[in-house]
2 protein chains.
Amino acid sequence: MLGEEELPLVSSASAESDGNDMTAVEQLRSQVAATWDAAIKHRFVDELLAGTIADDVLGGYLAQDYQFFIYFLNEIGQALASADTLEAKIRLGQQIGFVTNDEDAYFQLAFDKLGVPAAEQRNPALKPATQGFAELITRVVETRDYKQIILLLYVAETLYLDWAKRSAAEGLRPPRPEHYGWIDVHEGEQFRNWVSFLESEVNRVADPADPALQALIRDAVQLEWQFFEDAYTA
Amino acid sequence: MLGEEELPLVSSASAESDGNDMTAVEQLRSQVAATWDAAIKHRFVDELLAGTIADDVLGGYLAQDYQFFIYFLNEIGQALASADTLEAKIRLGQQIGFVTNDEDAYFQLAFDKLGVPAAEQRNPALKPATQGFAELITRVVETRDYKQIILLLYVAETLYLDWAKRSAAEGLRPPRPEHYGWIDVHEGEQFRNWVSFLESEVNRVADPADPALQALIRDAVQLEWQFFEDAYTA
């Protein structure tokens, strides 16, 4: 297997038991560290935090992101259906309740302030990373395999927390609500708690030597970076 | 097909378009009307509404029902993942949030008042209808077929609303909270709204001439009746 040469000490999902100090999450992320770092330090994030991002860049990006909501619901619903413990199902269910009650408010405010046309809000032409992510999520959901589903959720949510944390760490908070609102959605107590749950679930169920999981995290992080890139293409 | 001889006029999911005045739900329920009626008028319901039900009967029944929570979460999570519209996903997500935040309170009160031992609360020997329902839900979830999943949810929830409605209709309200609490969980605005959504979804997606759906509603209603019967066996 591909992973065995790169990570010769890893032979089980339990990092503690084999003398390796790295958790499963840390081992999986170590393979994609450069791309992850490039994503959270992308020009898009720099300009958002500085409040200098062009309205059409942010508006177009949000229209693409809004298309993910339905795929995200598919993914988190399948996580609930496929999770192997009641505790995980309850936590996933609470998050599902949270996002189906509250998530939309920021998008409506931002679409309005940024002047995104109704047609683009509802039915934008999908850019390459959006299309790629939709296909990746659909493929993973169809496996009904909790460890793949939870890893994909972990990557998407944690990478967003990681760039959003730059706001406080670097003392950068843009004045416009359509700017700081997108930071606030991905920061704060509720979102950190959710990301922390996802990390503990990946550590609980994932074998970092599993080639399928290694390929999945590579594809997902690459698409996250590409999604920011796409914001600058027509 | 079995259904075609019984319901010769039904040829599509849209009851309005073929001159038949019955909705898909009404047609599907018409096949199981006698068993449905026997379930909602079962001795168990009579005794619960009258407040005369034996503590060990209600306690044992609730211990069996509590085992369904995990299967119910699997089912509603799969409904969310498999639903074909964003509107349905959002409504299912809100219900998931509701049940993962609130559902447990009644069970804890009732187990306490009825003196159900901790071992029976957590790990009861499953009775035949409990086992049968768990298998039916698992089979339906694995199809990832929204129309089957939503029909199964519809049956379980609506049959419970139907017996609970007898309380107001017949002016029967038992004084003990472990009795009226089980009625209140299945009555009231929130639950009626949820059942109404399920009915409209079945009408939207189900073809009442589909033999798979006809078999599913028969199996499900039979198991609901059997589940009440099992409350009186050791």
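**Two chains, helix by helix**

Okay, let's start inside chain B, with helix 12, residues 177-185, where B:Glu178, B:His179, B:Gly181, B:Trp182 and B:Ile183 are buried. Buried here means under 20% relative accessible area, exposed means over 50%, and partly exposed is in between, using a 1.4 Å probe and protein chains only. Helices are DSSP runs of H or I with at least four residues, numbered from the N terminus.

Quick housekeeping: this is a predicted model, so local features need pLDDT of at least 70 and side-chain atom pairs count only at pLDDT 80 or more, while totals for chains, interfaces and linings use all residues. Residues are numbered from 1 along each chain as its sequence is written, chains are lettered from A and ligands numbered from 1 in the order in which they are written, and side-chain values use heavy atoms, with hydrogens and water left out.

Back to helix 12 of chain B. What do its buried residues pack against? They pack against helix 4 (43-50), helix 5 (55-66), helix 8 (104-114) and helix 11 (146-169) of chain B. Let's zoom in on B:His179, which sits in helix 12 of chain B. B:His179 has a relative accessible area of 0%, so it counts as buried. Skipping residues up to four places away in sequence, B:His179 touches B:Leu48, B:Gly51, B:Ile53, B:Leu58 and B:Pro174. Touching, or contact, means heavy atoms within 4.5 Å.

Another one to click on is B:Phe44. Leaving out neighbours within four places in sequence, B:Phe44 is in contact with B:Ile53, B:Val57, B:Leu58, B:Tyr61, B:Phe228, B:Ala231 and B:Tyr232. B:Phe44 is also among the residues with the most contacts inside the largest nonpolar core, which has 146 residues. Others on that list include A:Trp163 and B:Trp163. A nonpolar core, by the way, is a set of buried Ala, Val, Leu, Ile, Met, Phe, Trp, Tyr and Cys residues joined through side-chain atoms within 4.5 Å.

Over to chain A and its helix 4, residues 43-50. Buried there are A:Phe44, A:Val45, A:Glu47, A:Leu48 and A:Leu49. They pack against helix 3 (33-40), helix 5 (55-66), helix 11, helix 12 (177-185) and helix 14 (211-230) of chain A. After helix 4 of chain A comes A:Gly51, with a positive phi near 75°.

Now, where the chains meet. Chain A and chain B each put in 20 residues. Between them they bury about 1800 Å², with 67% of it on carbon and sulfur atoms. That's the accessible area, with a 1.4 Å probe, that two parts lose on being put together, summed over both. On the chain A side, A:Leu86, A:Thr100 and A:Arg144 lose the most area, together 24% of what that side buries. How many salt bridges cross this interface? The rule, a side-chain nitrogen of Lys or Arg within 4 Å of a carboxyl oxygen of Asp or Glu, finds zero. Helix 6 (68-82), helix 7 (86-102) and helix 10 (128-143) of chain A each give two or more residues to the side touching chain B. Helix 7 of chain A gives the most, with nine residues.

Last stop: A:Arg144 again. It has a positive phi of about 55° although it is not a glycine. Most residues other than glycine have a negative phi. A:Arg144 lies in the loop between helix 10 and helix 11 (146-169) of chain A, and its 27% relative accessibility makes it partly exposed. In chain B, B:Arg144 has a positive phi near 55° too.
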